[in-house]
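The questions below go through a few packing features of one protein model. Each answer ends on the value or name asked for.

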Amino acid sequence: MLSVVSVKSHPVMHRLAPVALLVIAMCSIQSGAAIARSLFDVIGAPGTTSIRLILAATLLLIFLRPWRRPVTRQAWKAIAIYGVALGIMNFLFYQALQTVPLGIAVALEFTGPLMVAMFASRRVLDLLWVALAVAGLAVLLLPGGATTEAIDPYGALCALGAGCCWAIYILFGQKAGSGNGTQSAALGITIAAVAVAPIGMVDAGTAIFAPEVLPMALAVAILSTALPYTLEMMALPRLPTQTFGTLMSLEPAVGALSGLLFLGQQLHGLQWLAIGAIIIASIGTTLTGRRRVEPAESPVHD
């Protein structure tokens, strides 16, 4: 009896396990972002970006040891662009979190991969998803659209800028990850740290290395990079691209819930509807697109 149950349940567990890993990864990312937000009052957003990238790069270099295999000159070009885009993306996203609720910042940033997926298809149906995404953005951004208080323009621009960097990250991350896999991820994050961390070090000084800062910064590095990166690498080979894209579309909602649970950020009904519109547009693009962008073998974005 036990063996029969085990045989029957195994296929279900085989399908659900990578889905669960990806959901945990998304929750980990947004939990890390919430903890990072609490560090802003101590070392500022640039300082938080710096110490997170420094610690994340250190962890990946120690555990992945990317120097063990040679990298071609062509691959180095893709890795360099991917790494710089990753660093700027993190910097802009944390700048946005200073004035924009986490869920809204994630939704605005999510326009980057959404546009990549839309541009990869030429179907007329995709115009519907574009219109739905634009409507959601309008509700979030236009004064009086979702709440009596307009979203801070600087924070919104930073979140949208992070989305543009996310799009570059996806495109060049695919090229960097092709044939290099986890090696390109470790090298890319190291380049991101070298490119962006000095800004935070100038802004916050040696405070980013203070004993009271390092434990929380290490938690951010693990939750936002090391843990979700590991979980993604376990889930990606076992998930169809379509399923992966659909699940990733839920990230704005996960961000909004994390902002509510960890930071007490209340969103209005129309803001939730706007985030839902962006999620539906992303899911629609994933399910109906003629060509799909394969997920890069690289760490998660934020």
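Buried means under 20% relative accessible area, exposed over 50%, and partly exposed in between, with a 1.4 Å probe and protein chains only. The model is predicted, with local features needing pLDDT of at least 70 and side-chain atom pairs pLDDT 80 or more, while totals for chains, interfaces and linings use all residues. Residues are numbered from 1 along each chain as its sequence is written, and side-chain values use heavy atoms, without hydrogens and water.

Q: Is Leu270 buried, partly exposed or exposed?
A: Leu270 lies in helix α11, residues 269-288; helices are DSSP runs (H or I, at least four residues) numbered from the N terminus. Its relative accessibility is 43%. Because of that value, Leu270 counts as partly exposed.

Q: How far apart in space are Leu270 and Gly136, C-alpha to C-alpha?
A: In sequence, Leu270 and Gly136 are 134 residues apart. In space, their C-alpha to C-alpha distance is 9.2 Å.

Q: At roughly what angle do the axes of α3 and α5 cross?
A: Axes are lines fitted to C-alpha atoms over the stretch in contact, and angles run from 0 to 180 degrees between N-to-C directions. The axes of α3 (residues 102-109) and α5 (residues 125-141) come within 11 Å and cross at roughly 140 degrees.

Q: Which residues of α3 and α5 make the contact?
A: Contact means heavy atoms within 4.5 Å. On α5, the residues are Leu137, Leu140 and Leu141. On α3, they are Ile104, Ala107 and Leu108.

Technical notes:
Helix = DSSP H or I, 4+ residues; strand = E, 2+ residues; numbered from the N terminus.
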